[in-house]
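I set out here what I looked up in one structure, entry by entry. The order runs from the whole chain to single residues.

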Amino acid sequence: MHFPINENDTIVQPPYFYISGFSGIPHMKYYYVFIFFAFIISVLGNSFLMIVIYTDRSLHTPKYIAVFNLSITDLFESTSLIPQLLDTFLFGNQFISYAACLSNMFFVLLFWTMQSLTLTILSYDRLAAICFPLKYHMIVTHRSMFIIVAVAWTYSLVSLFVAVGFISKLSFCRSIVIESFYCDHGPMFRLACNNNFPSTVISFLFPSMLLWFPMLFILISYTCIFVTVLKIATSQDRVKALRTCTSHLMLVAIFYLPISITFGLGPKIHQNARIIYLSMTSTIPPMLNPIIYTLKTEEFKVSVKKILKRNKVKILHKSTFVVLSSVTSMSY
C-alpha cells in the first residue's frame, strides 16, 4: 500500500488507520451494548451532579469545585471515546482518517489525565481537611482550588500537545492497523518506520504523569490521614473522619486498578486484555462517580433532598393556582 509523502520525502502520513479492536472473542456486541448503557448513565448522572452543585449554593465550596471538575472530565471522557467506539465496532466503521485519529488520541488521553489529576486534587482536599482541620479554610480556598485546577488543565494540555506533536512527525509506511479500541499512543507509535525515540520516551514518562506520581501522592496523603485518624481520641470521631474519605477512596480504586494493570504490564499485556482494562477505565468510573457521590456523601444527599423539596413546593403552588383559577372562572 502506498501513502502520500511530503515534500522532503521523510514523513509518510497515511490517509487513514484501521482500528482492529478485540481479536478472537465471540459475542462482543453484548459488551458494546453494555458500554452504550454505561454511557447513557454516565451522561445523565454527571449532568445531574453538575446541576445540583451549580444550583445549591451550600455546595459552592472548594471541594465541590474539584468534584464539579471531575464530573466535567467524566462527561467529556465518555463523550470523546464511547460514541466513536460504538460507531467503530458496533457498526463496523473501523477506518479512521489520519487527522481524526490524532484528535481522538489527544482528547481521550487528555481527559484520562485530568481524571487522574482531579482525583489527586481531591486527595489533597481530604489531607488538608483531616490533618489540618483548624487551618483548612486558609489552606483550601476558592482561589487556591481554582488555581490548582487551572494548573492541572494547563499541564495536561501542554503534555498532550507535545505527545501528539511527536506522533505527527512519524512515518507510517508499513502498517496502518492499530491494535487497540481507539487511536492508542503505544500501539500507534510502534507502527512508525522512522525514528520514534521521542515517542518511546513519552510512553515511559506519560504513565508516570498519569499514574505513578498521582498514585504516590494519594498513597502519601492517605498514610498521613490514617496516622492522624489513629490519634483521634474516640472511635466515633475516627469513623466520622474516615467516612468523609470513603467516596474518594472508592473512586480511586475504580479508576486506578484497571489502568495500573495496563500500564504496569506495558507492551507485554495481551491486546484483548489491554482493550478491556482501558475501556473499563473509560466507562465504569464516569458511570459510578455520580452514583457514589449521590449515595455516599451526606452533604450532597441533603442538597438533593432540599432541591426536590423546593421543586415539590413549586409544583404544589402551581397546582393550587390552577385549581383556584378554574374554580373562579366557573363561578363567573
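The entries below begin with the chain as a whole and then turn to its segments, charged pairs and selected residues.

**Entry 1. Basis**

I note that this is a predicted model, in which local features need pLDDT of at least 70, side-chain atom pairs count only at pLDDT 80 or more, and totals for chains, interfaces and linings use all residues. Residues are numbered from 1 along each chain as its sequence is written, and side-chain values use heavy atoms, with hydrogens and water left out.

**Entry 2. The chain as a whole**

I looked up the secondary structure and found 10 helices and three strands. Helices (H or I, at least four residues) and strands (E, at least two) are DSSP runs, numbered from the N terminus. Along the sequence I read the pattern β-α-α-β-α-α-α-β-α-α-α-α-α.

I took the extent from the C-alpha atoms, which fill a box of roughly 80 × 70 × 40 Å along the principal axes. The chain has 332 residues, of which 47% count as buried. Buried stands for under 20% relative accessible area, exposed for over 50%, and partly exposed for what lies in between (1.4 Å probe, protein chains only).

The chain exposes about 17500 Å², and carbon and sulfur atoms supply 71% of this area. Accessible areas come from the Shrake-Rupley method with a 1.4 Å probe; for residues, only the protein chains shown count as cover.

I then looked up the contacts, a contact being heavy atoms within 4.5 Å. Of those with a separation of 6 or more, 77% are between residues 24 or more positions apart.

**Entry 3. Annotated segments**

In UniProt, an unreviewed entry places the feature "transmembrane region" at residues 30–52, 95–124, 145–167, 211–233 and 245–263. I bear in mind that UniProt positions are given in the numbering used here, that feature names are shortened, and that annotations may be inferred rather than shown by experiment.

I checked two of these segments against the model. Residues 30–52 are 100% helix and 0% strand, with the end C-alpha atoms 33 Å apart. For residues 145–167 I likewise found 100% helix and 0% strand, and the end C-alpha atoms are 33 Å apart.

**Entry 4. A patch on the surface**

I recorded a nonpolar surface patch of Val-33, Phe-36, Phe-37, Ile-40 and Leu-44, with about 460 Å² of accessible area together. Patches are made of residues with over 30% relative accessible area and no salt bridge; like charges are joined within 9 Å, and nonpolar side chains (Val, Leu, Ile, Met, Phe, Trp, Tyr) within 5 Å. Ile-40 lies in helix 1, which covers residues 29–55. With a relative accessible area of 33%, Ile-40 is partly exposed.

**Entry 5. Charged pairs**

How many salt bridges does the structure hold? I found five, a salt bridge being a side-chain nitrogen of Lys or Arg within 4 Å of a carboxyl oxygen of Asp or Glu.

Asp-56 pairs with Lys-306, the closest N and O atoms being 3.7 Å apart. Asp-56 lies in the loop between helix 1 and helix 2 (62–90) and Lys-306 in helix 10 (residues 298–331), so the pair ties together parts that are 250 residues apart in sequence. Asp-56 is buried at 4% relative accessible area, whereas Lys-306 is partly exposed at 36%.

Lys-63 forms a salt bridge with Glu-299, with 3.2 Å between the closest N and O atoms. This pair links distant parts of the chain, Lys-63 being in helix 2 and Glu-299 in helix 10, 236 residues apart. Lys-63 is buried at 11% relative accessibility, and Glu-299 is partly exposed at 35%.

Arg-126 and Asp-125 meet through their side chains in a salt bridge of 2.8 Å, N to O. I found Arg-126 buried at 9% and Asp-125 buried at 0%.

**Entry 6. Ile-225**

I followed Arg-126 to Ile-225, whose C-alpha atom is separated by 8.0 Å from that of Arg-126, 99 residues apart along the chain. Ile-225 lies in helix 7 (residues 197–230). Is Ile-225 buried or exposed? Ile-225 is buried, with a relative accessible area of 0%. Neighbours within four places in sequence aside, Ile-225 is in contact with Arg-126, Leu-127, Ile-130, Cys-131 and Cys-245.

**Entry 7. Thr-281**

I located Thr-281 in helix 9 (residues 271–296). Thr-281 is buried, at 0% relative accessible area. A polar atom of the Thr-281 side chain lies 2.9 Å from the backbone oxygen of Tyr-277. Which residues does Thr-281 contact, leaving aside its neighbours within four places in sequence? I listed Trp-112, Phe-255, Pro-258, Ile-259 and Pro-286.

How values were computed. A polar contact is a pair of N or O atoms within 3.5 Å; within protein, one must be able to donate a hydrogen and the other to accept it, and residues adjacent in sequence count only if both atoms are side-chain atoms.
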